[in-house]
Amino acid sequence: MNDAKRVIVALDYPDMLSALKMADQLDPQKCRVKVGKELFTRAGPAVVESLHGKGFEVFLDLKFHDIPNTTAKAVRAAAEMGVWMVNVHASGGRRMMEAARNELDQVSGAKTLLIAVTVLTSMERQDLADIGLDIEPLEQVKRLALLTQQSGLDGIVCSAQEVTPLREMLHSDFQLVTPGIRPADAATGDQKRIMTPGEAITAGSTHLVIGRPITQSETPVVALERIQQEILAAR
Ligand SMILES: O=c1ccn([C@@H]2O[C@H](COP(=O)(O)O)[C@@H](O)[C@H]2O)c(=O)[nH]1
């Protein structure tokens, strides 16, 4: 894979204009972009169409989590938009993920990758305890990663901290998409299970999702170039 395209820039903006202004500073040959809940709720499919028009591959990060039929139909809608990648929450369970896989497979010509979120990178042990899970994040991630693979999906979202142990138990072509990426001098914000871009690549992440360290930088293009240099140095 083109190393530069391992970076997925999270376009977390409150309106389409701001997102497209950011996109205009980026090169679709050198990164992919992610449309998440804030931007999609504000701007809808039009923003995805505009990004496609500019030549970007889009990860539609809406983390679907619902009954199997509803989730499957939402995944179909995403695939019919032509997005490069879409996701669900693995905690929606096997039947939900299998229904999503089956529905996606019926979309003629769809090449969309379907992945599942394991444990959000903003969560640590105490957050799991608060929702009744007396377990280390890594153990829960492993459990949900296996379930996702058994359900026929293409990969997972996890922390780069978990990639090395996961690689030992998952297919080599399984996508390990890792948010919670922070260059050494970047603010952590609400992320808990973080790694630097270089560490994430060395660990074996297939894609790095990076938002604020780029989009809230005074010089986003320079910030992205530094990250790409760090990735190249780590390879
Ligand atoms: O576990 C997860 C799943 C998704 N995300 C999303 O990634 C970006 C990260 O943005 P930063 O500004 O680099 O923190 C954001 O859109 C999240 O919704 C995640 O962080 N963790």
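Two strands count as paired if DSSP finds at least two bridges between them. Strands here are DSSP runs of E with at least two residues, helices are runs of H or I with at least four, and both are numbered from the N terminus. Keep in mind that this is a predicted model, where local features need pLDDT of at least 70, side-chain atom pairs count only at pLDDT 80 or more, and totals for chains, interfaces and linings use all residues. Residues are numbered from 1 along each chain as its sequence is written.

Start at strand 1 (residues 7-10). On one side, strand 1 pairs with strand 2 (residues 32-35) in the parallel sense over three bridges, and Val 9 has Val 33 as its bridge partner there. To get from strand 1 to strand 2, the chain runs through helix 1 (residues 16-24), making a right-handed β-α-β crossover; right-handed means that, with the strands pointing away from the viewer, the path from the first strand over the helix to the second runs clockwise.

Strand 1 also pairs with strand 8, again parallel and over three bridges, with Ile 8 bridged to Val 209. Val 7 and Val 9 point one way from strand 1, Ile 8 and Ala 10 the other, and all are buried (20 or more other C-beta atoms within 10 Å of their own, with C-beta atoms placed from the backbone).

Now for the ligand. Which residues come nearest to it? Of the 16 around it, they are Ala 10, Thr 121, Pro 179, Gly 211 and Arg 212, where a residue counts as near if its C-beta atom, placed from the backbone, lies within 6 Å. Strand 8 (207-210) and helix 10 (212-215) each supply at least two residues of this shell.

How values were computed
A residue is buried if 20 or more other C-beta atoms lie within 10 Å of its own, exposed if 12 or fewer, and partly exposed in between; C-beta atoms are placed from the backbone.
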